Amino acid sequence: MSSLGRILLALAALAGLGGVAFGAFAAHGLADPAGKELTRTGSAWETSQALAAVAAVVLAELGLRRARLAAPLFLVGVALFSGSLYALALGAPRGVGAVTPLGGLAFIAGWAMLILAAMLGPPKKP
């Protein structure tokens with residue numbers, strides 16, 4: 001596996017870990033119902049997009065090189081989308097919520113890159 005592949009895989013695994021940890025925090029560490037819901041939502045999206053980033057790295061390593069572009073998009077989406085929800089749950093100003101849709105756009109862009117990778121396939125051999 002390439003160095004970039006290992007880094008992206010490690011970051012995707014870190015996102016998965018974060019999703020599980022924040023999910024547990026929502027279940028056991030928060031009393032505020034609104035904070036619990038924000039954290040649960042962030043956790044669900046973080047975990048699913050972490051798995052998508054892992055899949056993108058694996059697909060890239062199997063020859064769909066364009067899929068490698070999807071992994072960073074998923075990870076940026078996690079930081080923006082889930083991160084802003086976690087911040088709101090912990091009392092950040094409501095303005096932080098303006099970042100959340102940008103994370104959603106990064107998720108959409110990641111999935112679009114996987115579609116392109118699938119449709120265009122691996123590079124043609126000369």
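**Surface and overall build**

I began with the surface: the accessible area of the chain comes to about 7,000 Å². Carbon and sulfur atoms hold 76% of that area. I note here that this is a predicted model.

I then asked how much of the chain is buried. Of its 126 residues, 37% count as buried.

For overall dimensions I took the box along the principal axes, and the C-alpha atoms fill roughly 60 × 25 × 20 Å.

Next came the secondary structure. I found four helices and zero strands, and along the sequence they follow the pattern α-α-α-α.

I also looked at how far apart in sequence the contacting residues are. Among contacts in the chain with a separation of 6 or more, 70% are between residues 24 or more positions apart.

**Helix against helix**

I went through the helix pairs in turn. Two packed helices are described by the angle between their axes and the distance between the axes, so I noted both each time.

*α1 with α2.* I have α1 at residues 3–28 and α2 at residues 33–61. Their axes come within 8 Å and cross at roughly 160°. That angle is over 145°, which makes α1 roughly antiparallel to α2. I logged the crossing of α1 and α2 as left-handed. By class, the α1 and α2 contact has 12 nonpolar, eight polar and four charged residues.

*α1 with α3.* Helix α3 covers residues 70–89. The axes of α1 and α3 come within 10 Å and cross at roughly 25°. With an angle under 35°, α1 and α3 are therefore roughly parallel to each other. α1 passes α3 in a left-handed crossing. On the α1 side I listed L8, L11, A12, A15, G18, G19 and F22. They meet A71, P72, L75, V78 and Y86 of α3. I sorted the residues of this contact into 10 nonpolar, two polar and no charged.

*α3 with α4.* Helix α4 spans residues 100–120. I read an angle of about 160° between α3 and α4, with their axes 7 Å apart. The two are therefore roughly antiparallel to each other. Their crossing is left-handed. From α3, the contact takes in A70, L73, F74, V76, G77, V78, L80, F81, S84 and L85. From α4, the partners are T100, L102, G103, G104, A106, F107, A109, G110, W111, M113 and L114. Sorted by class, the α3 and α4 contact has 15 nonpolar, six polar and no charged residues.

**Single residues I looked up**

*F74.* Buried or exposed, I wondered about F74? This residue lies in helix α3, and at 0% relative accessibility F74 counts as buried. I then looked for its partners, leaving aside neighbours within four places in sequence. F74 is in contact with Q49, A52, A53, A56, F107, G110, W111 and L114. I also checked F74 against A106: they are 32 residues apart along the chain, and their C-alpha atoms are separated by 6.3 Å.

L114 sits in helix α4, and its 14% relative accessibility makes it count as buried. Which residues does L114 contact, leaving aside its neighbours within four places in sequence? I wrote down A56, L59, A67, A70 and F74. I picked A27 for another distance: L114 and A27 are 87 residues apart in sequence and 33 Å apart in space, C-alpha to C-alpha.

*L59.* L59 came up in the list for L114, and I placed it in helix α2. At 32% relative accessibility, L59 counts as partly exposed. Again leaving aside neighbours within four places in sequence, L59 is in contact with L64, A67 and L114. From L59 to A117 I have 58 residues in sequence and 9.0 Å in space, C-alpha to C-alpha.

*A98.* My last stop was a loop residue. A98 is found between α3 and α4, and with 58% relative accessibility A98 counts as exposed.

Terms used
Residues numbered from 1 in each chain as written. Predicted model: local features only at pLDDT ≥ 70, side-chain atom pairs only at ≥ 80, totals over all residues. Heavy atoms only, no water. Axes fitted to C-alpha atoms, helices over the stretch in contact; angles between N-to-C directions. Parallel < 35°, antiparallel > 145°, perpendicular 65-115°, else oblique. Left-handed = near helix turned anticlockwise from the far one by under 90°. Contact = heavy atoms within 4.5 Å. Nonpolar A, V, L, I, M, F, W, Y, C, P; charged D, E, K, R; others polar. Buried < 20%, exposed > 50% of the residue type's maximum accessible area, 1.4 Å probe, protein only. Areas by Shrake-Rupley, 256 points an atom, 1.4 Å probe, with all protein chains shown as cover.
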